[in-house]
Amino acid sequence: MPAYDELTVGAEVIEAAFTVTRADLVAYADASGDQNPIHQDDAAAQAAGLPGVIAHGMFTMGLAARAVTEWAGDAEAITDYTVRFAKPIVVPADGGAEVTVTGAVRKLLGDGLAEINLTVTSGGEKVLAPARATVRLG
């Protein structure tokens with residue numbers, strides 16, 4: 001776990017990358033119960049006005065939380081987490097889509113709490129904006 005007293009405002013503290021595949025979307029749909037065909041079928045996604053199959057928003061949100069958890073070393077360190085879905089992640093059948101998560105210290109709140117601004121992108125576009133986590137560190 002990072003040491004709170006070693007953090008500085010503006011410091012880049014999180015950098016993670018994830019590949020999202022169609023198999024991931026099927027597994028997430030099965031686990032979550034969200035079987036909306038826009039997450040698995042190109043024809044259904046295109047009929048809905050999308051360019052192709054898109055990742056579930058909550059799956060994307062979970063990837064960003066995973067990056068924070070991996071940095072903090074403990075999922076229970078996250079005391080607050082908020083995002084807005086800005087753009088869908090189109091997941092091609094071949095190779096999938098890359099999602100990158102970076103995080104910078106926005107504020108040091110005292111009592112071991114740090115607010116982290118997250119930048120979550122795919123294909124060079126922000127997919128969650130804004131995105132922010134508050135983390136309790138040792």
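Author: A salt bridge here is a side-chain nitrogen of Lys or Arg within 4 Å of a carboxyl oxygen of Asp or Glu. The model is predicted, so local features need pLDDT of at least 70 and side-chain atom pairs count only at pLDDT 80 or more, while totals for chains, interfaces and linings use all residues. Residues are numbered from 1 along each chain as its sequence is written, and side-chain values use heavy atoms, with hydrogens and water left out.

Reader: How many salt bridges does the structure hold?

Author: Side chains of opposite charge can pair when their charged atoms come close. In this structure, the number of salt bridges is 6.

Reader: How far apart are the closest N and O atoms of D42 and R22?

Author: Helices (H or I, at least four residues) and strands (E, at least two) are DSSP runs, numbered from the N terminus. D42 lies in helix 2 and R22 in helix 1, 20 residues apart, so the pair links distant parts of the chain. Between the closest N and O atoms of their salt bridge, the distance is 3.0 Å.

Reader: Which residues of helix 1 are buried, and within what arc do they fall?

Author: Buried means under 20% relative accessible area, exposed over 50%, and partly exposed in between (1.4 Å probe, protein chains only). In helix 1, residues 22–32, the buried ones are R22, L25 and A29. They line one face of the helix, because seen down its axis (by the directions from the axis to the C-beta atoms) they fall within an arc of 55°.

Reader: What do the buried residues of helix 1 pack against?

Author: Contact means heavy atoms within 4.5 Å. On the other side of the helix, A23, D30 and A31 are exposed. The buried residues pack against strand 1 (12–20) and helix 2 (42–47).

Reader: Is E115 buried or exposed?

Author: E115 forms a salt bridge with R106, the closest N and O atoms being 2.3 Å apart. Salt bridges that share partners join R106, E115 and R132 into one network. R106 counts as partly exposed at 33% relative accessibility. For E115 the relative accessible area is 12%, so E115 is buried.

Reader: Where is E125, the salt-bridge partner of K87?

Author: The side chains of K87 and E125 meet at 3.8 Å, N to O.

Reader: Which residues is L50 in contact with, leaving aside its neighbours within four places in sequence?

Author: L50 is found in the loop between helix 2 and helix 3 (57–72). L50 is partly exposed, with a relative accessible area of 21%. Its contacts beyond those neighbours are I38 and A45.
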